[in-house]
Amino acid sequence: MSSYTKKEIPAEGDIAAEKVHRIRITLTSRNVKNLEKVCADLKRGALDKKLNVSGPVRLPTKKLVITTRKAPSGEGTNTWDRFEMRIHKRLIDLHAPSEVVKQITSISIEPGVEVDVTINDR
């Protein structure tokens with residue numbers, strides 16, 4: 001006869017705890033220095049926990065430009081001011097349980113950096 005080994009089936013609580021999600025963290029800021037610091041901190045924290053990390057992916061910079069006249073009355077020489085605001089964006093992808101991501105994203109985030117976390121199931 002063939003030998004039969006019984007496979008251990010984890011309890012339902014263990015399945016939910018070990019479920020691996022595909023998590024995308026989107027970071028947005030006007031200040032590149034603060035943005036890169038937060039990206040480095042997130043990636044370092046994920047690598048310390050031995051997670052599968054890809055990124056930070058640098059997305060194209062959005063430039064919001066406003067051109068206005070310098071003279072308030074419209075009289076005089078036509079001189080113009082150009083004001084510009086640059087918005088930088090980074091993406092970091094993780095493959096991890098949602099509890100681990102809560103621990104990683106609990107780091108101190110620099111002022112002016114917006115963090116958006118989206119969780120997808122496989």
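Modeller: Val 117 lies in strand S4, which spans residues 113–120; strands (E, at least two residues) and helices (H or I, at least four) are DSSP runs numbered from the N terminus. The model is predicted, so local features need pLDDT of at least 70 and side-chain atom pairs pLDDT 80 or more, while totals for chains, interfaces and linings use all residues. Residues are numbered from 1 along each chain as its sequence is written, and side-chain values use heavy atoms, without hydrogens or water.

Val 117 has a relative accessible area of 35%, so this residue counts as partly exposed (buried is under 20%, exposed over 50%, partly exposed in between; 1.4 Å probe, protein chains only). Together with Ile 109, Val 115 and Ile 119, Val 117 forms a nonpolar surface patch. The accessible area of these four residues together is about 280 Å² (Shrake-Rupley, 1.4 Å probe, with only the protein chains shown as cover). Patch members have over 30% relative accessible area and no salt bridge, with nonpolar side chains joined within 5 Å and like charges within 9 Å; a salt bridge puts a Lys or Arg side-chain nitrogen within 4 Å of an Asp or Glu carboxyl oxygen.

Now the interior. In soluble globular proteins, nonpolar side chains tend to be buried together. Here the largest nonpolar core holds 17 residues (buried Ala, Val, Leu, Ile, Met, Phe, Trp, Tyr and Cys joined through side-chain atoms within 4.5 Å). Ile 25, Leu 27, Leu 42, Leu 51, Ile 92 and Leu 94 have the most contacts inside this core. Two or more residues each come from strand S1 (21–29), helix H2 (32–48), strand S3 (80–96) and helix H3 (98–104). H2 gives the most, five residues. Leaving aside neighbours within four places in sequence, Leu 42 is in contact (heavy atoms within 4.5 Å) with Ile 25, Leu 27, Ile 92, Ile 104, Thr 105 and Ile 107.

Strand S3 also holds His 88, which is buried because its relative accessible area is 11%. Beyond four places in sequence, His 88 touches Leu 27, Thr 28, Ser 29, Arg 30, Val 32, Leu 35 and Thr 61.

As for the whole, the protein chain has three helices and four strands, in the order α-β-α-β-β-α-β. Of its 122 residues, 24% count as buried. Its accessible surface is about 9,200 Å², 52% of it from carbon and sulfur atoms. Among contacts between residues at least 6 apart in sequence, 73% join residues at least 24 apart.
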